[in-house]
Each structure stands twice: as C-alpha cells, then as structure tokens.
Amino acid sequence: MRLEIKDLHVSILDDQSKEILKGLSLTVNTGEMHAIMGPNGNGKSTLAATIMGNPKYVVTSGEILLDGKNLLKMSVDERSRAGIFLAMQNPMEISGVTNADFIKSAMQTRLSEGEHVPLFKFIKALDKSVADLKMNPDLPQRYINEGFSGGEKKRNEILQMKMLKPHFAILDEIDSGLDVDALKIVGENINNMASPDFGSIVITHYQRLLDYIDVSHVHILMDGKIVRSGGKELITKIDQDGYDWLKLELGLEDMEEPKKAVLGVCGAKKTK
Amino acid sequence: MSNHDEVKSIIGDYKYGFKTNAATVASTGKGLTLDVVKEISRLKGEPDWMLEYRIKAYNEFISRPLPNFGPDLSFIDYDDYTYYIKSSKDVASKWEDVPEEIKDTFDKIGIPEAERKFLAGVSTQFESEAVYHSTIQELEEKGVLFCDTDTAVKKYPEIVKEYFGKVVPYTDNKYAALNTAVWSGGSFIYIPKGVVLEKPLQSYFRINSEKMGQFERSLIIVEEGASVHYVEGCTAPIYSKDSLHAAVVEIYIKDNGYCRYSTIQNWSNNIINLVTKRALCLKGAMMEWIDGNIGSMLNMKYPACILAGEGAKGNCVSIAFAGSGQYQDAGAKMIHLASNTSSTIISKSICKSGGVVNYRGTVKHAKNALNCKSSIQCDTIILDDISRSDTIPTNIVQNNTSRIEHEATVSKISEDQLFYLMSRGIKKNDAMQMIVMGFIEPFAKELPMEYAVELNQLIKLEMEDAIG
C-alpha cells in the first residue's frame, strides 16, 4: 500500500490565518519505516493529526491519498479502519471503559456484520502484547489511560497498534516521557512490526529513539515543509550538528514560534 | 419518511412498548373518592385496621398541598386515573398456571430466563396484583418470607401491622399519603435473624392498562445480622394518556443487618413517577440503594437512609437519564441521627435532546450525631446545548465533629476523547455511547450481570437519537 501526501497546506481551525503546513509532500510505502525529525513548532504533530483527521486542523489545499483513495474525504474512524493508526503524543483518559473492552471494540469495527472477535484468541493476543511491552498484567482491566504514568500511556499506544495491526502507523513523539529502558522496549516492539504490509512514520525531535528503530528513510521537517530527505546518515548529521546549518542553508531565521506580547488581554482568557 | 421513521413517530422508540389484552376482573373506574378507597379495601378483603389506615391517608392526601420544590405537578388531574384494576383472580403459584396473555408479556421481558439463571425467587406484579409468585426451597427452609404485600396482609398480619407505615408514615408527603390510601401489590420481604441470602431476590413490575395508576407498597424487614439484596425491575408499555405511579418502599434494618435495593426504573415516557423510598438503619446496619432512572416523563425520587443507630452506614449510587420531554428530579437523602455513622452518595446524570435532569439531595448530621462522615459526588454530562441540569444539594452539619465532602462536575463529551476513540476505528455514535457507558460505570458495576447488560441496551437505545 502507499500513503501519498501531496502539497499539503494546513491551518488550525481556531486561527485559519495561521498556516502550519506550507506545501508538504511525502510518500510512504508499506515495508518502509520513515523518520520525521525537526525542531519543535514546525508542524510535525500537525502532520500526524491531519493524516488521522483531527477536526482541530483544516486542510486548505493539497491531498492525502491512501492507495489512490482520497483520505481527506474519510471520517476519522473510516481512516482507522482503512489502516491508518496514530500513536498520540497525549493519549486521552476515558473513565469507566476498560482497555480490554476498548481494544476489542476497535478490533470488532474491522469485522463484517455477524463476525465477532474470538474471545479466547483475543485475550491470549492481548496478554502476549502486554507481556511483550513489559506492562503491568492488570492493564487490560484498567480504565483507558486513567491513572497511567506518562510512560504507561505511551506503551498503551503501542499496545493498541500491535493489536490493531495497521498498514500505516504514525508515531507522534512516542519517545517523550520514556526512560531508557522503556525506550528500548518500545523501539523493539515497533521494529517487530516490520513487514511488507506495514509502513510507519516515526516523528521525533530526539535521535535516541532511532537508535532502536531501523528506519529506512529520514526527513527533516522545517517551516511546514520537508526540507531534506535521505537515509540514516541524516540522523548522525543532526545528532552532531543540530539544525542550525540547515536554517542557514535555507535562509530561515528562527523556526520557534515567536512569543507574542499582547496588551489589554485579561489573563483569564478562556482556552479550549 | 421511511417506514421505520413512520412507525417510530407513532409508537415512539420505547423498547417495551407492547401491550397485551389481559382480561380485567375488577376495576374501581376512573377517579379517586373515599368510596374508591373503601372499595379497594373491600375487593381485597382487608382487615379493618388497614381500611382505617387507608381512610386516614386519603384524608391526608386531599388536604395536603403540592410539594414546594422540583417540577410543577399542578397539571395532574387525580380524577383522570383508575386507582385499582385486578387482572386475574388468584395469585398463581406455578408458572404454568399464569394466564397465557400475561405470560406472553413476561416472556418478552425474559423473566423465566432470569429466574432460571440465578435468582432465588420471583414475585411479579402485573396490573395491581401479583399473579405469579414462586419462592424456592432454600428461602422457605431459612424462614424467609417473600410475597406480594397484599398476601402478606392476610398471611402475616402481625408483622405487617408492626412495620407498615413506620418508616414512611402517610403523613410524610402528599404522594406517600396517596400511596397509603390506594396501595396495591408491591413486595413483602422478611429476613429472619442471622439469615444471609447469597442470591438476589427479584421482582418485575409492569403497568399494562391505559390511564391506570400503580401504587405498589413494598415492605422489607431485615432482622439482626441478616442480609438481603433485592432487585426490582420496571418496564411499561406505551399509552396515549398520562399514567400516575406513586410507590412507597419501606425498609427496616435491625442491628448489623444489611440490605441492598437495586432498581432500574424504565417506565415509558408518559409516566409520572413519584416515589418515596426510605430505609431505617439501626446500630451497625447498612443500606445500599442502587437506583437507575431512565424512563418516565416526570420522575421524583430521593432514596433515603435514616441512620438511627450508632455506626450505621448508608450508600446511594444512582444514575438519571433525561431525553426529550423528560424531567428527572432525583437524588438521595442521608439523615444521620446517631454517632459514628457514615454515608456515601454517587450520582451520575445525563441529559440530551432538551431533557432536564437535576440532582436534589439532603445530607444532615444531627446535633447529637458525632463523628459522622459523608461524601457526595455528583457528575453530569450534558450531551447538547438544549438540555439542562442543576445540582441542588442541601448539606447540614449541626455539630463540630462531623464532616461532609461534596464534589460536583458538569461537562460535555470532549472532542479530544471522541477523536481518540474514533482514531481506533470506532464510529462516532459508538464512541459517544462508550464515553457515556464509562461515565455511568460506577453505577453499572453495582448491578447483577444481566441487569448491567440490559442497562447497556437501554442506554444504547436512549443514545441513538442523541447524535444529530
């Protein structure tokens, strides 16, 4: 399968004057593992959220195609069932719904009417995945992400990926909040997903996760665009020299969002 | 309009909206007068003391003003209801003897299965009298009494006379007075000293006649150190006119006794449901109300615990769901009259499509009730912009050693939670249902399995038109 992103322009729903992705293009095939690196605030997470269909972002032009089909026309759940998976940076807590029920319901959506997730097989597979990720065995019966540590939440995302077996997984800063041991476990589990039916986009601004994941392609995202693509040698280069050389080369000043000083606005401004 | 929509617009979407043509054996006709009260007592062949009690209650009812809180009840025309209908002559002792029509209705609800599965006994109220009642060997051997309250008046008059109206006197409120005047049916349970019932006792109630009011009167007595879990289920068919329901449940728990009373009230959405439920807990006794309010047009229900003995405990876990045209005014009352008593209230409210759902509760620690503890948690989800919810707590502490904690939240379903669930392939409707089911999980987990399953189905049905 192929995931194609063509000249994608994206703004935030609440502030459409602000363009975050400014003509981003990227093609990922199953069987490939892509890393997207870049300084914070340049649109990496926006890309991830847009592929999944987060309603907080608006695509103003460009397209995303999944095997030639228009992904942007699909609802969030349709995208998931078509094989897209997003491991989120801040997974939500949902009280009263157990992880096991949630994952089983998600698997059920992939079956046709009249078919059911075989219970015994499901429990076995879930227990195995929990063990693979060295998670607490009581995890299936706990409520979704409720009371989870940052690291547990991230592992829970990988657990869901393992159970749902997507064609394309986008991992949005899955390494943040993980200690070195957890990083290794998560990295290995992502690596083990590698197959001709699985492609991934690993988003990170640290290099350390990529020590554990065998990526085939590396891209640098700056100022809303892919500015460099290459192989693993790019990781080493960034590791040694950071991003400043690229900024210079591209004539970009400072990618970090300049802090605006706003006068006359009360501190109690309502935010969503 | 599709066929489905057309059918829906005529009968509504109430799941149990079917009606059987059960034969009426006796009826007092429309309206409420002193003669009607006397006639009910005569038809039942009651002893004089009960008739006298009914008459006193009737006088109280007609002289008492409407409640000064909650929804407006002034529209109720009491002469527009039938207060007593009897649909089969005798109380059937075996399932086989139950008339076919009535059986058919029960089959649709699934009572026989429920009984086979794990229930210790079934006492089913159809119309105003119990028509089917069975208690298994185990109950009889332990000396447990479980029957409809009418039968109890005849078979165990001393016990009924001793406790009837003690926890909820007819002077308590207008609708307790109404119930006492015209009551019919309901469950009577007596658990002897030290008897612990492992399995829940169960009863289904059902109104089946247009414009018929139902006034069950339940009385549960738990002797010292005894324990019981009683499960009451309510469903009703659809009517073209309003129907009035005013039940009274009285529970008397002696020292170190335990009682749990679980209900999912699912009356059809034209029923006015005005219920008084109260438990008196003596020393070390514990009462738990598990109270679901999904149906009815207008519902006022505040299960109460009077913690009268040292160390008594009261819990109430409740949910209320108000959809289009529904007004749920529900909550709990915990009255601490003795020291070292504790209580917990967990209330979960959901409203949508213009429904109104209120939490109304009272927690009182009396002057001489020292070192008492209460915690109250009220959470509400409002599913759209046209629905309404209020939290109206009354918390009173009259001494310096007791403590009440009150926590309340009101929220909408979060976009982020929806996105998270949908990003795993779950459809928007199902994702909303999942969040709502999670929200009421603290209630659902307290229910017996099959009830939890039914609750799940009911919430799904209620949620179906929640998403525009």
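This is a predicted model: local features need pLDDT of at least 70, side-chain atom pairs count only at pLDDT 80 or more; totals for chains, interfaces and linings use all residues.
**Entry 1**

I started with the open sheet of chain A, which has 6 strands. I read the strand order as β6-β9-β10-β3-β11-β12, with mixed pairing. I then looked for the edges. They are β6 (84-87) and β12 (225-230) of chain A, each pairing on one side only. The twist averages 20° from one strand to the next.

Strand β9 (residues 168-172) and strand β10 (residues 199-203) of chain A run in the parallel sense and share 5 bridges. Across this pair, A:Leu171 stands opposite A:Val202 in β10(A).

**Entry 2: two helices of chain A**

Next I checked α5 (residues 150-164) against α6 (residues 180-191), both in chain A. Their axes come within 11 Å and cross at roughly 10°. Angles under 35 degrees count as roughly parallel, and α5(A) and α6(A) are therefore roughly parallel to each other. I listed the residues that meet. From α5(A) I have A:Gly151, A:Lys154, A:Arg155, A:Ile158 and A:Lys162. From α6(A) I have A:Ala182, A:Val186, A:Asn189 and A:Ile190. By class, this contact holds 4 nonpolar, 2 polar and 3 charged residues.

**Entry 3: chain A against chain B**

I turned to the interface. Here 21 residues of chain A are in contact with 18 residues of chain B. On the chain A side, α2 (76-82), β7 (94-98), α3 (99-108) and α5 each give two or more residues. I sorted that side by class and found 11 nonpolar, 7 polar and 3 charged residues.

**Entry 4: a helix of chain B**

Is helix α10 (residues 415-422) of chain B largely enclosed or largely open? I found 6 of its 8 residues buried, so α10(B) is largely enclosed by the rest of the structure. The buried ones are B:Gln417, B:Leu418, B:Phe419, B:Tyr420, B:Leu421 and B:Met422. I then asked what they pack against. The partners are α2 and β7 of chain A, together with α11 (428-439) of chain B.

**Entry 5: domains of chain B**

Last, I took the domain assignment of chain B: domain 1 (9-301) and domain 2 (415-468). Their contact takes 12 residues from domain 1 and 11 residues from domain 2. On the domain 1 side, α5 (111-118), β12 (258-266) and β14 (286-293) of chain B each supply at least two residues. The largest share, 3 residues, comes from β12(B). I noted the classes on this side of domain 1 as 6 nonpolar, 3 polar and 3 charged.

Key:
Residues are numbered from 1 along each chain as its sequence is written. Chains are lettered from A and ligands numbered from 1 in the order in which they are written. Axes are lines fitted to C-alpha atoms, for helices over the stretch in contact, and angles run from 0 to 180 degrees between N-to-C directions. Helices (H or I, at least four residues) and strands (E, at least two) are DSSP runs, numbered from the N terminus. Angles under 35 degrees count as roughly parallel, over 145 as roughly antiparallel, 65 to 115 as roughly perpendicular and the rest as oblique. Two residues are in contact if their C-beta atoms, placed from the backbone, lie within 7 Å. Ala, Val, Leu, Ile, Met, Phe, Trp, Tyr, Cys and Pro count as nonpolar, Asp, Glu, Lys and Arg as charged, and the others, Gly among them, as polar. Two strands pair if DSSP finds at least two bridges between them. A residue is buried if 20 or more other C-beta atoms lie within 10 Å of its own, exposed if 12 or fewer, and partly exposed in between; C-beta atoms are placed from the backbone. Domain bounds come from an automatic or database domain assignment.
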